[in-house]
Amino acid sequence: MPSSAGSRRCPLRPPPPPAPRCPADMNYSRFITTVSAARKASPIRLLTELMQKSPPSLISLAGGAPNPNVFPFKRATIAIGHGTAVEIGEDLMKRALQYSASAGIPELLSWLKDFQQHLHNPPTANYSPEQGQMEVCVTTGSQEGLCKVFEMLINPGDNILLDAPTYSGTLAAFCSSYQQLRPLGCNIINVPSDQHGIIPKALKEILSTWNSEDVKNHSHHLPKFLYTIPNGCNPTGNSLTTERKKEIYKLARKYDFLIIEDDPYYFLQFEKPWAPTFLSMDVDGRVIRTDSFSKILSSGVVEFYRTQRDAMLIAADKWLKDLAEWYPPAAGMFLWIKIKGVSDTQQLIMEKALQKEVLLVPGGAFNIDSSEPSSYVRASFSLSSPGQMDLAFERLADLIKEALSKS
């Protein structure tokens with residue numbers, strides 16, 4: 001019934017749903033590479049997907065799929081850590097070993113979509129495909145997913161944004177470590193960051209190079225995307241705050257760039273409340289998110305990693321207090337340590353540390369130009385016992401003292 005200005009809502013009636021958040025008019029064509037835009041769907045793959053949606057009565061002479069009756073693996077029982085077991089029967093084993101749709105097994109995709117909606121409630125989940133509806137694709141690790149995304153988006157000469165030091169696997173996809181030959185031909189613009197991740201003010205200053213006309217005319221010089229690891233960044237352990245994420249997303253809308261949210265450590269956050277994801281803020285369909293099972297399904301219990309982190313911080317405070325600086329990581333598996341008085345840790349770690357029987361990763365491995373000196377090292381607390389961490393940092397302290405005495 002129409003309401004009047006003086007009417008009151010019945011207390012038993014639920015409140016009206018919030019007004020839908022409208023997507024921007026996204027022009028995806030400006031982001032897709034020439035090669036990707038020219039690709040066509042494989043007719044054979046389309047037939048495979050069609051077969052999976054068809055009733056059992058369908059007789060298919062179309063696909064060249066192997067006959068599941070000759071598969072050597074028939075069934076399996078997988079023991080789980082807490083005492084239960086997962087049974088994979090013959091029918092399920094045939095499904096697992098047989099060809100499937102390119103994006104993944106339909107039931108798994110459906111479960112993953114529900115999972116993302118439950119965790120992040122992305123606005124795009126309820127959009128139409130034309131508006132930029134959220135879709136999910138399964139890849140062999142998030143690294144493969146990232147490589148596919150980069151190849152889909154980067155034309156030679158494109159500008160991209162990232163906050164280095166960052167994950168060496170990402171840098172490897174962009175450039176050859178020593179010759180600085182960039183296989184994808186892109187220009188990498190480094191955005192300054194601190195212990196709380198990307199600094200929005202610094203990003204805004206970089207973006208001020210372009211004006212509103214560049215955005216309006218979809219200038220090919222505009223940055224195509226920002227790549228970031230928002231939680232427990234590898235190697236720094238930095239995590240973006242809620243307010244910074246909001247500011248960054250506003251800038252993405254203003255300057256029309258995509259955000260690649262590489263978030264393998266989402267479930268390894270040590271402090272609550274967890275900051276909302278970029279995906280949860282995405283009203284436009286401009287966020288590409290990669291998740292990873294490797295850090296959680298096979299090895300995650302967040303309390304274990306919190307205990308490991310605390311043990312490493314205790315060992316660092318005991319042995320490195322006057323020799324190095326660090327911030328406690330809010331997520332992930334790494335402690336990023338700045339060695340005082342050492343301008344470059346490459347030789348210190350790759351040559352001298354091995355003699356002391358301790359191994360870390362020199363910070364240069366995570367720079368855009370890996371030959372650039374770095375006074376940092378990355379220490380992982382995921383594998384070693386507290387006793388081993390303590391001994392390792394004792395050895396590192398001796399190594400640093402020796403290096404400083406000779407300088």
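The lining of the largest cavity is made up of five nonpolar, four polar and one charged residue. Here Ala, Val, Leu, Ile, Met, Phe, Trp, Tyr, Cys and Pro count as nonpolar, Asp, Glu, Lys and Arg as charged, and the others, Gly among them, as polar. The model is a predicted one, in which local features need pLDDT of at least 70 and side-chain atom pairs count only at pLDDT 80 or more, while totals for chains, interfaces and linings use all residues. Residues are numbered from 1 along each chain as its sequence is written, and side-chain values use heavy atoms, with hydrogens and water left out.

Of the 407 residues, 41% are buried, meaning under 20% relative accessible area with a 1.4 Å probe and protein chains only. Among contacts (heavy atoms within 4.5 Å) between residues at least 6 apart in sequence, 73% join residues at least 24 apart.

Rolling a probe the size of a water molecule over the atoms shows where empty space is left. One cavity of 30 Å³ or more turns up in a search of the whole structure; a cavity is a set of points, on a 1 Å grid over the protein atoms alone, where a 1.4 Å probe fits but cannot get out. The volume of the largest cavity is about 40 Å³, counted as the space filled by probe spheres set on the points, with grid points joined across faces, edges and corners. Its lining residues, which have an atom within 4 Å of a point, are D163, G197, I198, T228, I229, P230, C233, N238, S239 and L240.

C233, one of the lining residues, is buried at 3% relative accessibility. C186 is also buried, with a relative accessible area of 1%. The whole structure has zero disulfides, a disulfide being a pair of cysteine sulfur atoms within 2.5 Å.

Another buried residue is Q308, with a relative accessible area of 6%. Q308 sits in helix α11, which covers residues 302-319. The Q308 side chain reaches two backbone oxygens: that of F381 at 2.9 Å and that of S384 at 2.7 Å. Apart from neighbours within four places in sequence, Q308 is in contact with F381, S382, L383, S384, P386 and M389.

Key
On a 1 Å grid over the protein atoms alone, a cavity is a set of points where a 1.4 Å probe fits but cannot get out, and a pocket is an open set with protein on both sides within 12 Å along at least five of seven lines; lining residues have an atom within 4 Å of a point. Buried means under 20% relative accessible area, exposed over 50%, partly exposed in between (1.4 Å probe, protein chains only). Helices (H or I, at least four residues) and strands (E, at least two) are DSSP runs, numbered from the N terminus. A polar contact is a pair of N or O atoms within 3.5 Å; within protein, one must be able to donate a hydrogen and the other to accept it, and residues adjacent in sequence count only if both atoms are side-chain atoms.
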